[in-house]
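This briefing covers two interfaces, one within a chain and one between chains. The structure comes first, and the notes follow.

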Amino acid sequence: MNPFTYARPGGAGEAVEAVTADPGACFLAGGTNLVDHLKLGVASPTALVDVRGAVDDTIEESPDGGVRIGAGVTNSDLAAHPVIRRSYPVLSSALLAGASGQLRNMATTGGNLLQRTRCVYFQDVTTPCNKREPGSGCSALEGHGRDNAVLGTSEQCVATHPSDMAVGLLVLDAVVVVLGPSGERRVPLADLHRLPGAEPERDTVLERGELITAVELPAPLAEGRGAYRKVRDRASYAFALVSVAALVHVRGDRITEARIALGGVAHAPWRARRTEAALEGRPLTEAGLRVAAEAELARARPGKDNAFKVPLAVNTCTAVLRDLTGVGS
Amino acid sequence: MDSTITLTVDGERRELTVDTRTTLLDALRDRLGVYAPKKGCDHGQCGSCTVLMEDRRVLACLSLAVAHDGARVTTAAGLGDGDELHPVAGAFLDEDAFQCGYCTPGQICSAVGMLSEVASGWLSHVTEDPEGPVEATDAEIRERMSGNLCRCGAYPHIVAAIRRAAP
């Protein structure tokens, strides 16, 4: 591990200044991903700027009926908060499907969004990886490919985004509050994570020095029903092969609003807009739910080891929608 | 780069100077001679380094010591009261909840933290009724302890011990 300095600024502005001024600096929050990367050699900063204490760690209800979540709120506190449990249960469910009790006690809201892929080649510095070392090649294309993405991949990178929380937040239309060297801006969560394209080293649209200070949720969907389902190789403490977050509003025999997101299938948490469009306003039938799920996965381009993710995503999405709407029961 | 920090470990205030790269786990074991937390994977995947920080269970291997200046840390060795074993540690003995014992201090700290999470009404991934009371059923124990691996496979007895210790 390379030597680094450690600083714990008292405010977000000071933290942003410290990282902006020093090209070797990076933010540290819960450390559950970054400290591992320091050990593995995946990250080798020369200065760590600890933002716990610099960013808010409280959850406040906002006047418009929504909620503002400080970026420093831990995953376990967020999942257990009475307002989140009552008004945004899909977020609680997504959080509780992720990691372990110990990790959720450490990991923060901002850090969870900025965690990096668990692609085995990204984490193994002895192998080529375009995300870790641009231009070196992608070992995952011909190597172990079971966990790879099937949607939105590029020739440069087939890594997946590992967060469960982000998939839950995506159907809540969350907005990320970012403080940077030139002030504050708001980025819809749907626009935060990038697809790999030709620059897989860039996970998000954030610029150097920009710090997530909060996540805002609009008022909950009235009478909406939500669910988060995660499919993985073991019952607990594993990353998703596929996950589905869904929030639907049903009136009579029709879905009036549907918000669907998929995890484990892409470089970013994936909003299934084609599924949503195929559901909204149409009469509810079991076949219709499946056709809607298939509409999103029609664009899937699996590799040699992960073709199973396509039917798995379709089936999981269909099952979640069936449970939420009561169709076929 | 060195930094001087203070930790309260198992009730004792300790001051030490650490390189900023030192994890809490290495500080406890190699600098302070507190050997209860174990180094298993050192990557946050096995749970054998679990300690309680301000009464919450965390992984010492993924915590930088310098980032926890002033923290109150409790290891499995500090849970009891004098010669009196902590009820969770006692239950592990009664139920024979280990074989080699390497993961046990982490299991016990994790169980103590987990039972207090249950007592606070925190839900888990397997909680069937979010509105109902949260109880330490076998399914809840298995889910909530999934961050602690036991390569000897003592899981059935670990579940039994935690069920015995649960209020």
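Between domain 1 and domain 2 of chain B there is 1 salt bridge (a side-chain nitrogen of Lys or Arg within 4 Å of a carboxyl oxygen of Asp or Glu). The model is predicted: local features need pLDDT of at least 70 and side-chain atom pairs pLDDT 80 or more, while totals for chains, interfaces and linings use all residues. Residues are numbered from 1 along each chain as written, chains are lettered from A in the order written, and side-chain values use heavy atoms, without hydrogens and water.

**Between the domains of chain B**
- Chain B divides into domain 1 (2-78) and domain 2 (87-165), with bounds from an automatic or database domain assignment.
- The C-alpha centres of the two domains lie 22 Å apart.
- Contact (heavy atoms within 4.5 Å) joins 16 residues of domain 1 to 16 residues of domain 2.
- The buried area is about 1200 Å², 57% of it from carbon and sulfur atoms; buried area is the accessible area (1.4 Å probe) lost when two parts are put together, summed over both.
- Glu117(B) and Arg57(B) form a salt bridge, with their closest N and O atoms 2.8 Å apart.

**Between chain B and chain A**
- Here 33 residues of chain B and 36 residues of chain A take part in the contact.
- The two chains bury about 2900 Å², with carbon and sulfur atoms giving 56%.
- On the chain B side, Arg21(B), Leu62(B) and His125(B) lose the most area to chain A, together 22% of what that side buries.
- The chains share 2 salt bridges; Asp77(A) and Arg56(B) form a salt bridge at 2.7 Å, N to O.
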